[in-house]
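Trainee: I would like to learn how to read a cavity and a helix in a model. Please take me through one case.

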Amino acid sequence: MVFRRRITLQEDGLLFRQMGFLIASGASVSETMAILHDESEKGDVRRVAKMVMSRLSQGASVAESLAAHPRVFNETLIYLLSSDQDKESVSDFLYEYADEMERVAEVRLKLFQTLIYPAKV
């Protein structure tokens, strides 16, 4: 769909934090996506998780499945999640990435508020 809203930075942060927790607990990427699909309240997150699960069940690799969603999963995340890194380092990276997404969202909000303030006055 052309006009479908992208997952917000706050949702990205929550998504990656949850992925980090699930992977640290021993879940595979496929299991992680299934859990996120079932448990997420956000429709966009559910949609992406369902599409990744669908591609994985059709025999696509983890990298191919995640690469189909470049607005959510960047190249670094795709490489990390499709490699055989130890689960602790992957989850640590996802936690740090989630923190970064939340910081970027906060800065964008402050910038927007700063730019919009003169228009209100």
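Trainee: What is the mean pLDDT of the protein chain?

Mentor: Where pLDDT is low, the predicted coordinates should not be read in detail. pLDDT is the predictor's confidence in each residue, from 0 to 100. The chain has a mean of 83, and 93% of its residues reach 70 or more.

Trainee: How many helices and strands does the protein chain have?

Mentor: Helices (H or I, at least four residues) and strands (E, at least two) are DSSP runs, numbered from the N terminus. Here there are six helices and zero strands.

Trainee: Which residues of α3 are buried?

Mentor: Buried means under 20% relative accessible area, exposed over 50%, and partly exposed in between, with a 1.4 Å probe and protein chains only. In α3 the buried residues are Asp 44, Val 45, Val 48, Ala 49, Val 52 and Leu 56. Down the helix axis they fall within an arc of 130° (taken from the directions from the axis to the C-beta atoms), so they line one face of α3. The face turned away from that buried side carries the exposed residues Gly 43, Lys 50 and Ser 57.

Trainee: Which residues line the largest cavity?

Mentor: Rolling a probe the size of a water molecule over the atoms shows where empty space is left. On a 1 Å grid over the protein atoms alone, a cavity is a set of points where a 1.4 Å probe fits but cannot get out, and lining residues have an atom within 4 Å of a point. Points are joined across faces, edges and corners, and the volume is the space filled by probe spheres set on them. The count is one cavity of 30 Å³ or more, with a volume of about 30 Å³. Its lining consists of Ile 7, Leu 15, Met 33, Val 45, Val 48, Ala 49 and Phe 73. Helix α3 (residues 43-57) gives the largest share, three residues.

Trainee: Why does Val 45 count as buried?

Mentor: Val 45 counts as buried because its relative accessibility is 6%. Val 45 and Leu 15 lie 30 residues apart in sequence and 7.6 Å apart in space, C-alpha to C-alpha.

Conventions. Residues are numbered from 1 along each chain as its sequence is written. This is a predicted model: local features need pLDDT of at least 70, side-chain atom pairs count only at pLDDT 80 or more; totals for chains, interfaces and linings use all residues. Side-chain values use heavy atoms; hydrogens and water are left out. On a 1 Å grid over the protein atoms alone, a cavity is a set of points where a 1.4 Å probe fits but cannot get out, and a pocket is an open set with protein on both sides within 12 Å along at least five of seven lines; lining residues have an atom within 4 Å of a point.
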